[in-house]
Amino acid sequence: MAVHAHPDDESSKGAATMARYVADGCEVRVVSCTGGERGDVLNPALQQDPEILRDMPEVRRREMAAAQHILGVGHTWLGFVDSGLPEGDPLPPLPPGCFGLEPVEVTTEALVRVIREFRPHVLTTYDERGGYPHPDHVMCHTVSMAAFGAAGDPTAFPHAGEPWQPLKLYYNQSHSKALLLAYHEALEAEGLESPYAEWLKSWEDRAPRTVTTRVSCADYFALRDRALLAHATQVDPDGSWFKVPLAMRQRVWPTEDFELALSYVPVSMPEDDLFAGLGTLDDADKADTMARAGELGIAYDGTDPTGPADPADPADPAQPEEGGER
Ligand SMILES: [Zn+2]
């Protein structure tokens, strides 16, 4: 299950991975926390379209349905309202009634209900920075973490379905400086113009995230492009993403990348599969039994001393002493 803030986020973050798992026979569900009602029209060709200006929410529902069909996934609207991206100095307050201002118990219960109904083994979401600082993305992280913690707890939201504990939780980490740099260098090596030079110069040098898991999915990049373009109001088909030829993207960076944040099953790093440690599709019953059992112990929380430390991140808490319990 992939939890996202807005329709279109599912097509720009982890879409090829989802398409690959669908082809492998997995059932995949996208959850959109909001309807994307406050998104701007980012496609210059559609900016003056009267129908779009009249009913953006309906346009985005149609776009999402098209992308869902292309990717072969299920989809649930969580039903909250887009907070919009506040701009200005000082930033204006968030609009009343938006996702970013909803009480976390309310949004968490809504997601717990969907988790208990769909019963995923693996959940993906954004890291604590939201991937980028949109209030809905940060809230998507907060709600996903709270719902992952509550879904298996029979005392939490007892009216929201039978307890079900997803076994692994990942953050999407596909949009890295390393990826843009790789595209930039490949374009220049072939004498093509790179749209990334300025971008890379002004890239705010944050500590790189830990990538624990690279999923090979280059065969599904074309499908991912189609899904992204289905969100026609949100994507400029002449934008920088599409300046890198498909074959080059497949060759230079054939994976989508993830950061394992929490796991109830033992893991060994690095991984190449979000379902690593959960057994095969044929014996999914075992994972089902675990997800129903309750009382599971966290086997990996991103700070396991045997896991991939991130020495470049000064915010990382100190590693525990040898033998220390966490
Ligand atoms: Zn978004």
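Select Ser 32 and display its contacts: leaving out residues up to four places away in sequence, Ser 32 touches His 4, His 6, Pro 7, Met 64, Trp 77 and Leu 78. This is a predicted model. Now show the secondary structure. Ser 32 sits in strand 2, which spans residues 29–34.

Is Ser 32 buried or exposed? It counts as buried, because 27 C-beta neighbours fall inside 10 Å and the cut-off for buried is 20 or more.

Along the chain, Ser 32 and Phe 80 are 48 residues apart. Their C-alpha atoms are separated by 8.8 Å.

Move on to a helix pair. Select residues 15–23 for helix 2 and residues 221–230 for helix 9. Their axes come within 8 Å and cross at roughly 120 degrees. That angle is why helix 2 is oblique to helix 9. The crossing of helix 2 past helix 9 is right-handed.

Show side chains at this contact. Helix 2 contributes Ala 15, Ala 16 and Ala 19. Helix 9 contributes Phe 221, Leu 223, Arg 224 and Ala 227. By class, the contact of helix 2 with helix 9 has six nonpolar residues, no polar ones and one charged residue.

Finally, colour by pLDDT. The protein averages 90, and 93% of the residues score at least 70. Then select residues 307–326, where the pLDDT is below 50. In the model, this stretch has 20 contacts beyond near neighbours in sequence. Where pLDDT is low, the predicted coordinates should not be read in detail.

Methods: Residues are numbered from 1 along each chain as its sequence is written. This is a predicted model: local features need pLDDT of at least 70, side-chain atom pairs count only at pLDDT 80 or more; totals for chains, interfaces and linings use all residues. Axes are lines fitted to C-alpha atoms, for helices over the stretch in contact, and angles run from 0 to 180 degrees between N-to-C directions. Helices (H or I, at least four residues) and strands (E, at least two) are DSSP runs, numbered from the N terminus. Angles under 35 degrees count as roughly parallel, over 145 as roughly antiparallel, 65 to 115 as roughly perpendicular and the rest as oblique. A crossing is left-handed if the near helix is turned anticlockwise from the far one by less than a right angle, and right-handed if clockwise. Two residues are in contact if their C-beta atoms, placed from the backbone, lie within 7 Å. Ala, Val, Leu, Ile, Met, Phe, Trp, Tyr, Cys and Pro count as nonpolar, Asp, Glu, Lys and Arg as charged, and the others, Gly among them, as polar. pLDDT is the predictor's confidence in each residue, from 0 to 100. A residue is buried if 20 or more other C-beta atoms lie within 10 Å of its own, exposed if 12 or fewer, and partly exposed in between; C-beta atoms are placed from the backbone.
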